[in-house]
Amino acid sequence: MLSRTASTLIPAFGRLSVTSDPGAELTPGSIVAANHTSLADPAIVIAALHRLGVTPVIMATAGLWRIPVLGRALTREGHIPVHRRDRRATDALDLAERALQQGRLVLIYAEGGLPRRRDAGEAAPGDFRTGLARLAERTGAPVVPVGQAGARRLTSGGMIKQIAGLVTAPLRRPAMHVHVGAPIVLSGDSTVRTAQARTAVTTAWRTAAAHLDEPAALAA
């Protein structure tokens, strides 16, 4: 339901385009790692994946489960709540491992939160937490790096600015782009695996941002 809803709503708010590397595969049992820049980018990423015929299980902040209608939908569809700074945080990895073993794709945001910037510009992904590396080590699952750009054109900044961005988006029609990279298999210790994943997602982000002529990607 969430994938279908995102695929319907996102085109109403802007112009979404999707590309992929040669050899990019979204095979069952893969971990999909994406950069996180805006409250809007999960909807953008799952809309892009829906175009490619994929409906992932999403690892998302547990606070979303407190929203009555959304929380029930997330539970019904098997998405995974992440309890940050809580002893239940490791439960998310157990649930993600089970989903991968069942052949589902798991979408994870390894940065673990949103940037504090208020501007609408793009920037490379921040530091990754170790959860992605630990999940890949436990399961041996390949990691598919996904870069998205343009979500901050839809919503960014403080609450008032974000609401204004959503209200005006159907008129502004901001461009958004998602790029899917070729899968990689992480190796080495947790630090090395985390660095490998961040490099791959950064490369995918740079490709997506370059499609939108974003200065940060073009300068790099």
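Helices α5 and α8 sit roughly perpendicular to each other, a label given to angles of 65 to 115 degrees, with angles under 35 degrees counted as roughly parallel, over 145 as roughly antiparallel and the rest as oblique. In this predicted model, the axes of α5 (residues 131–139) and α8 (residues 190–211) cross at roughly 110 degrees and come within 8 Å. Axes here are lines fitted to C-alpha atoms, for helices over the stretch in contact, and angles run from 0 to 180 degrees between N-to-C directions. Helices (H or I, at least four residues) and strands (E, at least two) are DSSP runs, numbered from the N terminus. On the α5 side, Leu 132, Ala 133, Ala 136 and Glu 137 make the contact, and on the α8 side Ser 190, Arg 193, Thr 194 and Ala 197; contact means heavy atoms within 4.5 Å. Sorted by class, that gives four nonpolar, two polar and two charged residues, where Ala, Val, Leu, Ile, Met, Phe, Trp, Tyr, Cys and Pro count as nonpolar, Asp, Glu, Lys and Arg as charged, and the others, Gly among them, as polar.

As for conventions, residues are numbered from 1 along each chain as its sequence is written, and side-chain values use heavy atoms, with hydrogens and water left out. Since the model is predicted, local features need pLDDT of at least 70 and side-chain atom pairs count only at pLDDT 80 or more, while totals for chains, interfaces and linings use all residues.

On to the charged pairs. The whole structure turns up five salt bridges, each a side-chain nitrogen of Lys or Arg within 4 Å of a carboxyl oxygen of Asp or Glu. One of them pairs Arg 138 with Glu 97 at 2.6 Å, N to O. Glu 97, in α4 (residues 89–101), is buried at a relative accessible area of 18%, whereas Arg 138 is partly exposed at 38%; buried means under 20%, exposed over 50% and partly exposed in between (1.4 Å probe, protein chains only). Leaving aside neighbours within four places in sequence, Glu 97 touches Leu 135, Arg 138 and Thr 139.

Another bridge joins Asp 127 and Arg 198 at 3.1 Å, N to O. Here the partners are 71 residues apart, with Asp 127 in the loop between β5 (106–108) and α5, and Arg 198 in helix α8. Asp 127 is exposed at 60%, and Arg 198 is partly exposed at 30%.

Seven strands make an open, mixed sheet in the order β1-β7-β6-β2-β5-β3-β4; strands pair if DSSP finds at least two bridges between them. β1 (15–20) and β4 (80–82) each have a single partner strand, so one side of each goes without a neighbour in the sheet. Neighbouring strands are turned by 25 degrees against each other on average, direction ignored. Strands β2 (residues 31–34) and β5 run parallel, joined by three bridges, and Ile 31 has Val 106 in β5 as its bridge partner.

Helix α8 comes back into the picture here: α8 lies across β1, β2, β6 and β7, at about 30 degrees to β6. Helix α2 (residues 41–51) lies across β1, β2, β3 (57–61), β5, β6 (143–149) and β7 (175–180), at about 60 degrees to β1.
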